[in-house]
Amino acid sequence: MQKLILTAAISGAEVTKELNPAIPYTIAEMVKEAKSSYDAGASIIHLHVRWDDGTPTQDRERYRQTIEAIKQECPDVIILPSTGGAVGMSAEERLQPLDLQPEMATLDCGTCNFGGDDVFENTETMIEAFASKMIQTGVKPECECFDKGMVDMAIRKANKGLIQKPMHFNLVLGVNGGIAATARDLTFLVDSLPEGSTWCVTGIGRSEFPMAAIAITMGGHVRVGFEDNVYLQKGKLAASNGELVAKVVELAKLLGREIATPSEARAILGITK
Ligand code: KMH
Ligand code: ZN
């Protein structure tokens, strides 16, 4: 089995300090959360940036400054910026971090209800435009799939030459509007991936650690972090993203799976730059 790649989704765009005071907004807070995750065993930081007051932004310069500051503390970590941004942002706004030519970026593969009246919009035209820009800029897409149809959309785009193979997927289970976080549905998604793909699981809310445990035993990779869940256990807020990563490292140890370093993660994912 491959070593386990751990991704820390340290900030997200929607969670706020009202939910957990440790949610990072400022660049210094982002660095602290990235460092705690990296020290605990994360080789990838999935990044959304904010203005100091917590407002989500896809501003190119804010990403540049945040990435440079994180790299000073965690020099070899893989940075995976969001091109999803926050619900309601325009495609143009969302695409900005690709100008920095990161090693990876998210590629959201379909439209999804996101609770209440929120709709996270990713039309087919947008998916093609985002995928094309990633090919042009040499950025490896992490195909974000909130439902089975999104896996199929990503495969169609790969067959059209818009996503290079082998593909890498982030299977997100438990969004209110997406596929449920159950072992059956995770197996269904994984069985639908093209041969040779790599995949990571993201379980939302209380599903974070159960989905992680299943993925560890299935040979997949794992994402945790405040973007997806703010609790270390029922009723106890996590003090840092590092605590969430450390809990998965502990699970992996119990289940006999070794953790990948950033350079091992690059080799597994076929990242060459
Ligand atoms: N904030 C969500 C609307 C991504 O990073 O690409 C979208 C999201 C996915 O978080
Ligand atoms: Zn995200």
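Which atom of ligand 1 lies 3.0 Å from a polar side-chain atom of glutamate 14? It is a nitrogen atom of ligand 1. The legends below describe a predicted model, in which local features need pLDDT of at least 70, side-chain atom pairs count only at pLDDT 80 or more, and totals for chains, interfaces and linings use all residues. Residues are numbered from 1 along each chain as its sequence is written, chains are lettered from A and ligands numbered from 1 in the order in which they are written, and side-chain values use heavy atoms, with hydrogens and water left out.

**View 1. Residues around ligand 1.** The shell comprises Glu14, His46, His48, Ser82, Gly84, Gly85, Val87, Thr106, Asp108, Phe114, Phe120 and Glu227, each with a heavy atom within 4 Å of the ligand. By class, three of these residues are nonpolar, six polar and three charged (Ala, Val, Leu, Ile, Met, Phe, Trp, Tyr, Cys and Pro count as nonpolar, Asp, Glu, Lys and Arg as charged, and the others, Gly among them, as polar).

**View 2. Side-chain atoms facing oxygen atoms of ligand 1.** A polar side-chain atom of serine 82 is 2.7 Å from a ligand oxygen atom. For aspartate 108, the distance from a polar side-chain atom to an oxygen atom of ligand 1 is 2.6 Å. Of the 300 Å² of accessible area that ligand 1 has on its own, the protein covers 97% (Shrake-Rupley method, 1.4 Å probe).

View 3. The structure holds zero disulfides (pairs of cysteine sulfur atoms within 2.5 Å). The closest cysteine sulfur to that of cysteine 112 is in cysteine 145, 11 Å away and therefore too far for a bond. Cysteine 145 is likewise in no disulfide, and the nearest cysteine sulfur, that of cysteine 109, is 4.6 Å away. Cysteine 112 is buried, at 3% relative accessible area, and cysteine 145 is buried at 0% (buried means under 20%, with a 1.4 Å probe and protein chains only).

Terms used
Polar contact = N/O pair within 3.5 Å; in protein donor to acceptor, adjacent residues only side chain to side chain. Buried < 20%, exposed > 50% of the residue type's maximum accessible area, 1.4 Å probe, protein only.
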